[in-house]
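Subject: Structure handover

Hi,

Here is the structure I promised to pass on.

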Amino acid sequence: MTAMRPIRSTSTRLLATFVLAAACASCTNVNPYFDPSKPHHTREGFRNNYLQGPIGGNFLRWQWERWRDGLPKPPANGYAFPVERPDIDWLKQNRSEATATWIGHATVLLQVGGLNILTDPMFSERASPLSWIGPKRKTPPAMRIDELPRIDAVIVSHNHYDHLDLPTLRALDKQAGGPPLFLMPLGVGDWLKRQGIANVQQLDWWQSHPVGGSRLHFVPVQHWSARGLFDRFETLWGGWVIESQADGKPFKAFFTGDTGYSKDFIDIHRRFGDFDFAMIPVGAYEPRWFMKPQHVNPEEAVQIHRDLRARRSLGIHWGAFELTDEALDEPPPALESAVAEAGISPGHFYATPTGQTRRIDR
Ligand code: ZN
Ligand code: ZN
């Protein structure tokens, strides 16, 4: 008995230490950017503008139900989605036409105002901190990093692994012709500098930065951040407004990143007016009881398109990574129905095959 006591007390102490460390890691973080005049700043990190209650539900319940129901179901025609080969030579020489090429997931090459802007670049095999486990790509990116035209600016919405892929950012930093400007959410920019990438600017909500003759603004959306177990909400998340010129006229584009539906889009429209083009997520939305606060479904994506009064919108964030419970091929027909139901003509909010370039007409 006496021999047992030290063992038990050691293991109890170890357990208590672990629990305390876990609790403290999440509760004693100090936000180095804290500005008490900004309602979305907290002493520990950041919060959403309109969300009451938690961002997700019971994660273990979701995982259990997912396993029990065998979700997600495979796509009806298997995982071999068509990938179009972009016209790389044309993209490299284009400086005058506004275009968008969906490279896959949330990665879009946006050409506007003589600039090449790349959103949430993700060219890796897995959206995970580990190379051997985590969501694996089902559809390859439409082109390789070294096939891209020289990128002027990279914009990143938040630090989740399917949006911020460090190997991709490191490769872009070494692109021929010099590194792009990396525009990052507040906190993510300093983190990226610590990874050895230097040409970085980080922005708080409603701040902006010039690139060439264009101006890029970081704006609020409803989501969250984390790269580990104990860093939720420590760095900021958001969308990007690109104010530029096309055909000698002002041109405004919006990249949503990940978001739940919120009044933030009404606020964004109030500040910027009507948009020419929006890139809005249409995938990763089931089950609704868990995903609704953080990921819109196609109906809510259409509501964002309307709130922004976007002339054209492209549905992104589907087809590459199987992150949630809907089948990987479900978003395009669901978007088509939502667009029809809203009385919007189909060419105004569309999904394209991976790799397709569309000229953004006005
Ligand atoms: Zn996310
Ligand atoms: Zn995502």
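Predicted model: local features only at pLDDT ≥ 70, side-chain atom pairs only at ≥ 80, totals over all residues.

Residues are numbered from 1 along each chain as its sequence is written, chains are lettered from A and ligands numbered from 1 in the order in which they are written, and side-chain values use heavy atoms, leaving out hydrogens and water.

Let's start with the metal. Asp162 (OD), His163 (NE2), Asp258 (OD) and His317 (NE2) coordinate the zinc ion (ligand 2) at 2.1 to 2.2 Å. Donors here are N, O and S atoms within 2.8 Å of the metal (3.2 Å for Na, K and Ca); water is not among the atoms, so sites may look incomplete. Along the chain, the donors of this zinc ion (ligand 2) are spaced D-H-x94-D-x58-H. The zinc ion (ligand 1) sits 3.8 Å from the zinc ion (ligand 2), and Asp258 coordinates both. His163 is in the loop between strand S4 (153-155) and helix H4 (166-173), and His317 is in the loop between strand S12 (310-316) and helix H9 (331-341), so the two tie together parts 154 residues apart in sequence. Helices (H or I, at least four residues) and strands (E, at least two) are DSSP runs, numbered from the N terminus.

His163 is buried at 0% relative accessibility, and His317 is buried at 3%. By contrast, Val30 is exposed, with a relative accessible area of 63%. The cut-offs are under 20% for buried and over 50% for exposed, with partly exposed in between (1.4 Å probe, protein chains only). You'll find Val30 in the loop between helix H1 (4-27) and helix H2 (59-68).

Now for the open spaces. The largest pocket holds about 1,100 Å³. It is lined by 33 residues, with Phe59, Trp62, His160, Tyr161 and Trp224 closest to its centre. H2 gives the largest share of that lining, 4 residues. The second largest pocket has a volume of about 240 Å³. A pocket is an open set of points on a 1 Å grid over the protein atoms alone, with protein on both sides within 12 Å along at least five of seven lines; lining residues have an atom within 4 Å of a point. Points are joined across faces, edges and corners, and a volume is the space filled by probe spheres set on them.

Cheers

How values were computed
1 Å grid on protein atoms, 1.4 Å probe; cavity = no way out; pocket = protein on both sides within 12 Å on 5 of 7 lines; lining within 4 Å.
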